[in-house]
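These are my notebook entries on a structure that I had not examined before. I set down what I looked up, entry by entry.

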Amino acid sequence: MSESGTQLFARLEARRSLKDIEPRLFPEDGGPDQGEVVELYGLEGTGKTELLYHLLCRCVLPEAAGGLQVDVVFVDTDYSLDMFRLVSILDNRLNAGITNVSDSSTAGSDESLLRSCLSRLLVVHCSSSSQLLLTLHFLETTLSSRPGIALLLLDSISAFYWLDRCEGGATIAKQEEKLSKCAELLGRLLRDYKFTIFATCHAIRRSYSGPSSSGASSSSSTSETDRPYLCRPWQRLVTHRLQCSRQEVENNPRAAARGSKEQRRRQVFSVHCTSSSSSSKTKGSRISSFCVTDRGVEFI
């Protein structure tokens, strides 16, 4: 397959590294590097999509507002993207982040800043694994024409799991065929264009029959809902995993030790990050807590 000059330029040009996308989520050696994949895993209602909004805003906001000022592609397979929510968070971040705006600024200039942020965002909706695969093929053209794209958000990679299981046939290989092709294509795009992927993945309960492996104890910290279940090609891509969960504030000493009674009643979410990045020989981990407000994610 021949490659145009534009495609070669976009592929070879250094894209913005996102290792500093959110220092409070990742271990000390930083977040994901170019060409790496972060999986946000957890049950429904554990803050995964809100984290995506937080990371998205961090990327599209201008540097003057504390952002990275890079382009983002959001692939929405759950049809859960709330643009009103996203715009509200962006507006709050802009108002809080840009303090050097003169008193003569008008609402029109504020709106132009918001429009500038949204111009860095490309949203695509998918309703099947086949459509997702076609979208990823289309993405290569987008990456070629927009070298500023540094982040792909996928909410969620597991949206069509049960549909594929029902339609795939009798064997696991057939059931996972479409997702495997998507993962293999993503792997090639990552190698060629050096962007970063954050993808949510729903937790699923699976029944594991048979004896447990030697040395495993009933008190193991890994529950059955925490075990990876998507196809091997996807599992091989993942370099960082954010295990999301929900907790009560009363169980969080740091949150309970400060703030008003109303603040202490707010729902708190936990994120356990495990990192096995190829750029780092050591495997790191970190646990963070946050709550969700009108301004988006606030870390505790």
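I looked up burial first: of the 300 residues of the protein, 46% count as buried, that is, under 20% relative accessible area with a 1.4 Å probe and protein chains only. I note that this is a predicted model, in which local features need pLDDT of at least 70 and side-chain atom pairs count only at pLDDT 80 or more, while totals for chains, interfaces and linings use all residues. Residues are numbered from 1 along each chain as its sequence is written, and side-chain values use heavy atoms, without hydrogens and water.

Next I looked up the secondary structure. The protein has eleven helices and nine strands, taken as DSSP runs numbered from the N terminus (helices H or I, at least four residues; strands E, at least two).

Nine strands form an open sheet in the order 3-2-4-5-1-6-7-8-9, with mixed pairing; two strands pair if DSSP finds at least two bridges between them. At the edges I found strand 3 (121-125) and strand 9 (296-299), each pairing on one side only.

Strand 2 (residues 71-76) and strand 4 (residues 149-155) run parallel and are joined by six bridges. F74 stands opposite L153 in strand 4.

Finally I searched for disulfides (pairs of cysteine sulfur atoms within 2.5 Å) and found zero. For C126, the nearest cysteine sulfur is that of C182, 8.6 Å away. C126 counts as buried because its relative accessibility is 0%. C244 is also buried, with a relative accessible area of 3%.

Methods. Buried means under 20% relative accessible area, exposed over 50%, partly exposed in between (1.4 Å probe, protein chains only).
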